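Reader: I would like to go through this model with you and ask, for each term you use, what it rests on. Could we begin once the structure is in view?

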Amino acid sequence: MNVAYFPGCSLHGLASEYDRSARLVCRHLGINLEEIEDWNCCGATAAHSLDHKLSVSLGARNLNLVKKMNLHMVTAPCAGCFNRLKTASYELRHNPSMAEEVAAIIKAPAPVETEVSNLLQLFVEQTGVSAIAQKVVRPLSGLKLAAYYGCLLTRPQRIAQFDASEQPVSLDQLLQALGAEPVIWSHKAECCGGGYAASETDIVIDLGGQVLEAARQAGAQAIVVACPMCQANLDTRQKAIEVNRGQKYNLPIIYFTQLMGLAFGYSLRQLGFNQQLNSAVTLLKQRGWG
Amino acid sequence: MPDASGIETQAFFKTIKLDAIDDSLPQEIKTACGVDVETCLECGKCSGGCSNVRIFDITPRQVVKLIKTGQEKPLLAMDALWACVSCQLCGDRCPAGIDIARIMDYLREKAYQKGIKATRYQVQLFHELMLGFIKKTGRVAEGQLIIRFNLKTGRYFKDADLGRRLFLKGKIKPFSSKIKNREDLRRIFQESIEREEDQ
Amino acid sequence: MSTVKTALVIGAGPAGMEAAVKIGGAGYRVILADRADSLGGTLRQLCSSFPRWEDPADLIAYKTEQINKCPLITIKTKTTVVAAEKNGNGYLVTLGSDGLTSEIQADAVIIATGFELFDASVYGEYGYGSFDNVVNSLEFEALLKEWQENQGKTASPGTVAFFKCVGSRDRAKGLPYCSRICCMYTAKQAGLVKELFPDSKCYVFYMDYRAAGREYEEFVRSVIEQRHVRYVRGRPAKVLPEDGRLLIRAEDTLMGMPVEIAADMVVLAAAIVPGPGTRQIARLFQIKSDEYGFIDYNRNEPAKAGDRVFFAGACGFAVETLGAIQQGAAAAAEVIALFNQPNGEEKNA
């Protein structure tokens, strides 16, 4: 299967281990990711906050590049990018005057044909959970994980058209297929503070703190994410949250693709587990996985 | 301003002459955002679940109500515009399907265009710096963005230790990638509102 | 004997029972069919009633006695309608019971198939089906019965929060209409909890409370003023399990401020919807239902659904017990008037 790949700025930067593990896992599953040549930033959250048309144009240019590659579908591993691409696509499809203006800007017909999916969606809807289960050579038995979807992977439901926005299950099912044990917990689809880690750190300490506390109460040994913003907020601000709440968490924040790779037999180093601040390496090595 | 009970009182309490209000603001929102505020049931489900409502001066429900009553001034000046994290929980739960996040984007854009100073200066600055990066290179180099942001806000040592740790983990790249098609970028930004070139 | 006309009443809740009593009392035969194994319908599941705190079991016992006394009424429990076709001035109806079928000739039909509750798991934000102690209003009625029976022996439920309009008045995820009875039964449920457990705390989240009925406003006020149930105006946004309890987040829309309640139990007043049986019956008798599946009425004849077909109770729209009984009597009056015509012909057919 050939799918256009929109890594987004984070996967070329802070989330390089997400990029690496995503590519490894896709190759393993026979998905040929073709990175969009000359893609541009999706603009989240700055563009849509200050200039709606700009945000749709940024997305439309990327969707048009996919069309030029003769590919039908683009996948975005980052929930923020997914949300912006999907929103741009929705606007082009439902707002004719916007579509016309944007077509003039990108000098191409509005790319309404291109389908947008997030990476988790690609796995559960295109590959299928049972096909993934068959590839598991190292079941992640006994690992208690909090599947964290965050706010934008499933929202708004009207636009995202993926899973359920309040009690999503796809990541839980995927983790189960890997042999792990997803916990039942409260904050799987609440917000961690998104793009405010640098500009309004207090917001992330408040919202991210609620997420960490909920995962702790549910008995999770790690939180599994599908978004670089969630990973960055919960990992890099965890120390500050611990100080703020007077509570040790020590919770690794892991990309789901890293766990897929681990279950498929790749090494911790290949999957970039060493790149995270609250490292899962000890937890995983204790179990003889490495 | 907090009163004796510690409860924040709202600054815009004054008599609104309802019969003197036309429906231009609701119409404007309908045209721009495709949202009919008359469908609002005023139930408050948006506000109850809002990620940041604890630090909002005007709740999402009140935002919709103020649109109904044509109160543009408090809407463009409100702190909530800059405290909103765009998580979309409000609109996703709205029983009338009102896209409140889109309304917030629209109001923020309008306030910005009118030059109304953001109450959370650093949020607006962060957005501006980010757009500056995109305008120049088509992409964002996160590490550089954060360093520039901290320098601009005079917080020279904020996150310095964190930055060093992330650099050692191979998470911050010294160079940023650029896109080749500059012409596309120029056109995309030409159409967008003029703002000061980022230095 | 064959000249005595027969009415088939489908559903033996308060509406169907009342219709059967009236038609039987007027000297016509009645076949009262219900899929359950006894009479009473959903009323059997309910604990107490509004606005007079009466026991629904007493009402069921009274109506059952009237039915049993009337030799013209045949009760067919554990029975469903399998097929129906027009046959002369009536219908040939196939009834199914325990895998066996039988045919009857009905000169008129009353549909009284009741309602069911909207599936509250659609609201993932409330965690119904995901979290313990989030129940719908009928499940809570069962708990109330249990508590009432074991009075003094059960621990207090602690803090109970009631959410109204779950599925009602929601054009995004639910139904646009008001389910009409939830305001009243929620007041009753909360009032009962406070009576059984005076030290418990009860909160009712509401958008408006609609108490349009005889003694209804007084009933709700008494629950607030004498039983101290707290009413909070605002539709809850989220239920989050925390520290073994359920943290509820909402806005108090009168204050315009976020509020939280740590509750031990959440009761969802799920919308009233017609059951799948009602749709099937409507198809069999070729009568119209509205877009939600409620049986539609003929203009000027609110109890009439089609040719010799009438209806009563919640299969036509959400209605309280008293209203269902009144509608049952009205549908019975239509049938009796029809049967009283020379040759049983409808004047305005």
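Reader: How many residues does the contact take from chain A and from chain B?

Author: The model is a predicted one, and in it the contact takes 43 residues from chain A and 47 residues from chain B. On the side of chain A that touches chain B, the elements that give two or more residues are helix 1, helix 3 (46–50), helix 4 (52–68), helix 6 (96–106) and helix 11 (201–217) of chain A. Helix 4 of chain A provides the largest share of that side, six residues.

Reader: What classes make up the side of chain A that touches chain B?

Author: That side divides into 19 nonpolar, 18 polar and six charged residues.

Reader: Which residues of chain C are counted as in contact with chain B, and how many are there?

Author: A residue pair is counted when the C-beta atoms lie within 7 Å, and 17 residues of chain C are in contact with 18 residues of chain B. Strand 14 (residues 245–252) of chain C supplies the largest share of the side of chain C that touches chain B, three residues. By class, this side of chain C holds six nonpolar, three polar and eight charged residues.

Reader: How is chain C divided, and how far apart do the centres of its domains lie?

Author: Domain 1 of chain C is made of 6–115 + 274–344, and domain 2 of chain C is 117–272; the C-alpha centres of these two domains lie 31 Å apart. Between them, 13 residues of domain 1 of chain C are in contact with 19 residues of domain 2 of chain C, and by class the side of domain 1 of chain C has nine nonpolar, three polar and one charged residues.

Reader: Why is helix 7 of chain B called largely enclosed by the rest of the structure?

Author: A residue is buried if 20 or more other C-beta atoms lie within 10 Å of its own. In helix 7 of chain B, 11 of the 14 residues are buried, so this helix is largely enclosed by the rest of the structure. Among the buried residues are I100(B), I103(B), M104(B) and L107(B), and also R102(B), D105(B), R108(B) and E109(B).

Reader: What makes the length of helix 7 of chain B close to the expected one?

Author: Helix 7 (residues 100–113) of chain B has 14 residues and reaches 20 Å from its first C-alpha to its last, close to the 20 Å expected at 1.5 Å a residue. Just after this helix, G115(B) takes a positive phi of about 75°.

Reader: Why is K194(C) called partly exposed?

Author: The count for K194(C) is 19 other C-beta atoms within 10 Å, whereas buried requires 20 or more and exposed 12 or fewer; K194(C) is therefore partly exposed. K194(C) lies in helix 4 (residues 182–196) of chain C and, leaving aside neighbours within four places in sequence, is in contact with S200(C), C202(C), R227(C), H228(C) and V229(C).

Reader: Which residues touch the most other members of the largest nonpolar core?

Author: They are I223(A), V224(A) and L259(A), in a core of 159 residues, to which helix 11 of chain A gives the most, with eight residues. Apart from that core lies another, of 114 residues, including A12(C) and A332(C).

Reader: How do you know that strand 1 of chain C is mostly covered?

Author: Five of the five residues of strand 1 (residues 6–10) of chain C are buried. T6(C), L8(C) and I10(C) point one way from this strand, and A7(C) and V9(C) the other way. Strand 1 of chain C pairs in the parallel sense with strand 2 (residues 29–33) of chain C over five bridges, and T6(C) stands opposite R29(C).

Terms used. Residues are numbered from 1 along each chain as its sequence is written. Chains are lettered from A and ligands numbered from 1 in the order in which they are written. This is a predicted model: local features need pLDDT of at least 70, side-chain atom pairs count only at pLDDT 80 or more; totals for chains, interfaces and linings use all residues. Helices (H or I, at least four residues) and strands (E, at least two) are DSSP runs, numbered from the N terminus. The expected span of a helix is 1.5 Å times one less than its number of residues. Two residues are in contact if their C-beta atoms, placed from the backbone, lie within 7 Å. Ala, Val, Leu, Ile, Met, Phe, Trp, Tyr, Cys and Pro count as nonpolar, Asp, Glu, Lys and Arg as charged, and the others, Gly among them, as polar. Domain bounds come from an automatic or database domain assignment. A nonpolar core is a set of buried Ala, Val, Leu, Ile, Met, Phe, Trp, Tyr and Cys residues joined through C-beta atoms within 7 Å. Two strands pair if DSSP finds at least two bridges between them.
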